[in-house]
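The points below are grouped by topic.

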Amino acid sequence: MRIAFFEIEEWEEKIIREAFSGNDVFVSKDKITSAYLPDKLDFEILSVFIDSRIDKAVLDCFPRVKCVATRSTGYDHIDVAECKKRGITVLYVPGYGDNTVAEFTFGLVLNLTRKMYQSIDQIKERGSFSLDGLRGMDIKGKTIGIVGTGRIGKEVIKIAKGFGMNVIAHDPYPDENFAKEIGAEYVSLDKLLGNSDIISLHCPYNKDTHHLINGKNVGNIKNGAYMVNTARGGVVETEALVYALKSGALAGYAADVLEEEGETKEELQLLVSGHPKEEELKIMLENHILMKMPNVLITPHNAFNSKEALERILRTTIENIEGYLKGTPANIVQ
Ligand code: NAI
């Protein structure tokens with residue numbers, strides 16, 4: 001079997017080659033998109049991470065591919081419907097780092113509420129010990145609203161409880177037993193927006209959650225609340241977010257993800273590779289405004305990035321591909 005792994009780090013290569021020693025294995029540190037393609041294209045299995053984009057154009061270039069194994073929980077970088085149409089199995093890694101992302105989420109919460117980044121930055125950059133503008137807010141006794149109570153959302157709730165916070169949550173598939181046990185209450189999205197001091201997003205990105213927070217409901221957010229997004233950028237309409245932050249309706253926003261994240265990371269490539277769409281350019285401009293705002297903290301999609309989580313991702317991906325090779329695939333994207 002010809003198996004290709006993209007976006008691979010040095011430490012992973014040895015483990016991959018050992019695991020698939022009987023197969024023809026290709027390993028690359030590069031991502032794949034229609035603008036970045038490897039020289040060889042006759043692979044039967046592709047394993048990618050989130051910066052690759054497996055769309056129709058890319059699939060056209062790999063006519064023999066039968067399985068795409070993403071080393072991530074989110075799979076919005078893969079055109080799953082197109083894969084299904086072509087009989088390509090898509091495998092993913094559920095739950096490799098629920099605590100990993102939840103811990104990072106709370107890092108962002110504390111950075112927003114206690115101005116940790118600004119505090120450290122002013123000493124490093126200016127040697128200033130002034131407390132001007134650094135007053136924060138306690139989180140004990142405050143209400144956190146969790147949008148999406150799956151694996152990561154539940155871990156965030158457990159941590160929030162440790163901080164003594166009240167927890168409300170919204171999920172179209174509520175887990176009432178969990179809520180009862182931990183002491184959280186499910187509410188409508190609008191009620192969550194109106195009653196949370198901190199809103200934290202943990203739902204997947206798909207057509208139903210595209211712009212879940214948007215120009216129509218952003219006005220329902222409790223005045224002066226903070227929002228944290230470690231889910232996906234497209235869950236929030238960037239234009240509405242910028243206005244809410246500018247007006248002060250939202251006190252601060254911290255995110256590990258951006259709408260049109262790939263394009264924003266690779267702006268130059270987007271410009272030289274053809275004709276960027278007007279909507280993409282608009283969102284990229286909004287992202288630049290967002291990134292420069294004093295009450296906004298953006299991290300480079302780093303929430304998953306712990307040593308332990310990466311080891312779990314690789315182990316599960318190897319098991320996923322082994323299962324596929326044996327004819328007993330697990331962790332199939334439905
Ligand atoms: P999960 O599948 O366990 O949980 C997602 C939850 O969201 C489910 O309970 C689902 O019912 C709920 N949901 C679906 N639609 C919703 C809606 N409209 N409103 C509210 N809730 C909704 O997924 P998991 O493992 O908790 O991951 C969540 C997301 O976090 C992933 O899809 C991925 O995009 C993102 N993620 C980000 C990482 C990062 O490094 N920043 C790393 C890993 C995941």
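A backbone N or O atom of I152 lies 2.9 Å from an oxygen atom of the ligand. The model is predicted, and local features are reported only where pLDDT is at least 70. The ligand is surrounded by 25 residues, and the whole structure contains eight aromatic pairs. One cavity of 30 Å³ or more is counted.

**Ligand site**

- Among the 25 residues around the ligand, the closest are R151, I152, D171, T230 and D256.
- R151 places a polar backbone atom 2.9 Å from an oxygen atom of the ligand.
- R232 takes part through its side chain, in which an N or O atom is 3.3 Å from an oxygen atom of the ligand.
- The ligand taken alone exposes 860 Å², of which the protein buries 86%.
- The shell around the ligand consists of twelve nonpolar, nine polar and four charged residues.

- The largest cavity has a volume of about 50 Å³.
- Its lining is formed by G233, V236, T238, L241, Y253, V257, L258, E259, N287 and L290.
- Two helices, α9 (238-247) and α12 (278-292), each contribute at least two residues to the lining of the largest cavity.
- By class, the lining of the largest cavity comprises six nonpolar residues, three polar residues and one charged residue.

**Aromatic pairs**

- F6 and F43 form an edge-to-face pair, because their ring planes stand at 80 degrees, over the 60-degree cut-off, with the ring centres 6.4 Å apart.
- This pair connects distant parts of the chain, its two residues being 37 residues apart.
- F6 belongs to the loop between β1 (2-5) and α1 (10-19), whereas F43 belongs to the loop between β2 (24-27) and β3 (45-48).

**Backbone geometry**

- Most residues other than glycine have a negative phi.
- K115 is not a glycine, yet has a positive phi of about 55 degrees.
- The position of K115 is in the loop between α4 (98-114) and α5 (116-126).
- H211, likewise not a glycine, has a positive phi of about 55 degrees.
- H211 is located in the loop between β9 (198-201) and β10 (225-229).

Key:
Residues numbered from 1 in each chain as written. Heavy atoms only, no water. Near = heavy atom within 4 Å. Polar contact = N/O pair within 3.5 Å; in protein donor to acceptor, adjacent residues only side chain to side chain. Areas by Shrake-Rupley, 256 points an atom, 1.4 Å probe, with all protein chains shown as cover. Nonpolar A, V, L, I, M, F, W, Y, C, P; charged D, E, K, R; others polar. 1 Å grid on protein atoms, 1.4 Å probe; cavity = no way out; pocket = protein on both sides within 12 Å on 5 of 7 lines; lining within 4 Å. Points joined across faces, edges and corners; volume = space filled by probe spheres on them. Helix = DSSP H or I, 4+ residues; strand = E, 2+ residues; numbered from the N terminus. Phe/Tyr/Trp six-rings, centres within 6.5 Å; stacked < 30°, edge-to-face > 60°.
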